[in-house]
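Take a moment with the sequence and the 3D view. We will go from the whole chain to single residues.

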Amino acid sequence: QVQLVESGGGLVQPGGSLRLSCAASGVSIRLTAMAWYRQAPGKQRELVAGISSGGRTNYADSVEGRFTISRDTAKNTIYLQMNSLKPEDTAVYYCKPLVGPYWGQGTQVTVSS
């Protein structure tokens with residue numbers, strides 16, 4: 001059974017930083033491509049960043065240069081370091097394997113002054 005538990009969200013001022021974590025069980029992040037998605041109010045869920053089983057990363061244009069996806073295979077956890085946050089980054093953030101219908105509960109990120 002795949003379980004994904006996101007944490008680290010919160011309220012931050014524009015220009016601030018947050019680090020999200022996603023603890024995975026039932027799936028090996030060392031063998032599986034993983035991704036962070038987000039969904040803002042009234043908008044469709046979008047892919048933010050991905051990391052392949054080989055460690056290659058890719059990012060949405062809107063976060064390139066500001067966000068960094070990484071992983072700790074010993075902890076079976078992936079991370080999303082978010083810097084220079086903007087109000088438009090406000091959303092619920094989810095992690096998931098790129099393949100399969102598995103979603104966590106998400107973590108809310110709010111960027112506001």
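How many helices and how many strands does the protein have? It has zero helices and ten strands. Here helices (H or I, at least four residues) and strands (E, at least two) are DSSP runs, numbered from the N terminus. Read along the sequence, the pattern is β-β-β-β-β-β-β-β-β-β. The radius of gyration is 13 Å, close to the 13 Å that the globule rule gives for 113 residues, so the protein is as compact as a globular protein of that length. That radius is taken over C-alpha atoms, and the globule rule is 2.2 Å times the number of residues to the power 0.38.

A word on what you are looking at. This is a predicted model, in which local features need pLDDT of at least 70 and side-chain atom pairs count only at pLDDT 80 or more, while totals for chains, interfaces and linings use all residues. Residues are numbered from 1 along each chain as its sequence is written, and side-chain values use heavy atoms, with hydrogens and water left out.

Now take the overall picture. The C-alpha trace spans about 40 × 25 × 25 Å along its principal axes. Buried residues make up 42% of the 113 residues. Buried means under 20% relative accessible area, exposed means over 50%, and partly exposed is in between (1.4 Å probe, protein chains only). The protein exposes about 5900 Å². Carbon and sulfur atoms supply 47% of that area. Such areas come from the Shrake-Rupley method with a 1.4 Å probe; for residues, only the protein chains shown count as cover. Next, look at contacts between residues at least 6 apart in sequence: 53% of them join residues at least 24 apart. A contact means heavy atoms within 4.5 Å.

Let us turn to the strands. Strands of a sheet pair through backbone hydrogen bonds, either parallel or antiparallel. Two strands count as paired if DSSP finds at least two bridges between them. In what order do the six strands of the open sheet lie? The order is 2-10-9-4-5-6, and the pairing is mixed. The edge strands are strand 2 (10-12) and strand 6 (57-59), and each pairs on one side only. Neighbouring strands of this sheet are turned by 25° against each other on average, direction ignored. The axes behind this angle are lines fitted to C-alpha atoms, for helices over the stretch in contact, and angles run from 0 to 180 degrees between N-to-C directions.

Strand 5 (residues 46-51) pairs with strand 6 in the antiparallel sense, over three bridges. There I51 stands opposite T57 in strand 6.

Strand 7 and strand 8 also run antiparallel, joined by six bridges. T68 stands opposite Q81 in strand 8. The hairpin of these two strands has four residues between them. N76 lies in that loop. Its phi is near 55°, a positive value in a residue other than glycine. Most residues other than glycine have a negative phi. N76 counts as buried, at 16% relative accessibility. S84 also takes a positive phi, near 50°. S84 lies in the loop between strand 8 and strand 9. At 41% relative accessibility, S84 counts as partly exposed.

Finally, look at the charged side chains. A salt bridge is a side-chain nitrogen of Lys or Arg within 4 Å of a carboxyl oxygen of Asp or Glu. By this rule the count comes to three. R38 forms one with E46, the closest N and O atoms being 2.7 Å apart. R38 is buried, with a relative accessible area of 6%. E46 is partly exposed, at 33%.

Which side chain meets R38 in a salt bridge at 2.9 Å, N to O? That partner is D89. The pair links distant parts of the chain: D89 is in the loop between strand 8 (77-82) and strand 9 (91-97), R38 is in strand 4 (residues 34-39), and they are 51 residues apart. D89 is buried, with a relative accessible area of 1%.

D89 also forms a salt bridge with R66, with the closest N and O atoms 2.8 Å apart. R66 lies in the loop between strand 6 and strand 7 (67-72) and D89 in the loop between strand 8 and strand 9, so the pair ties together parts that are 23 residues apart in sequence. Both D89 and R66 are buried. Through shared partners, salt bridges join R38, E46, R66 and D89 into one network.
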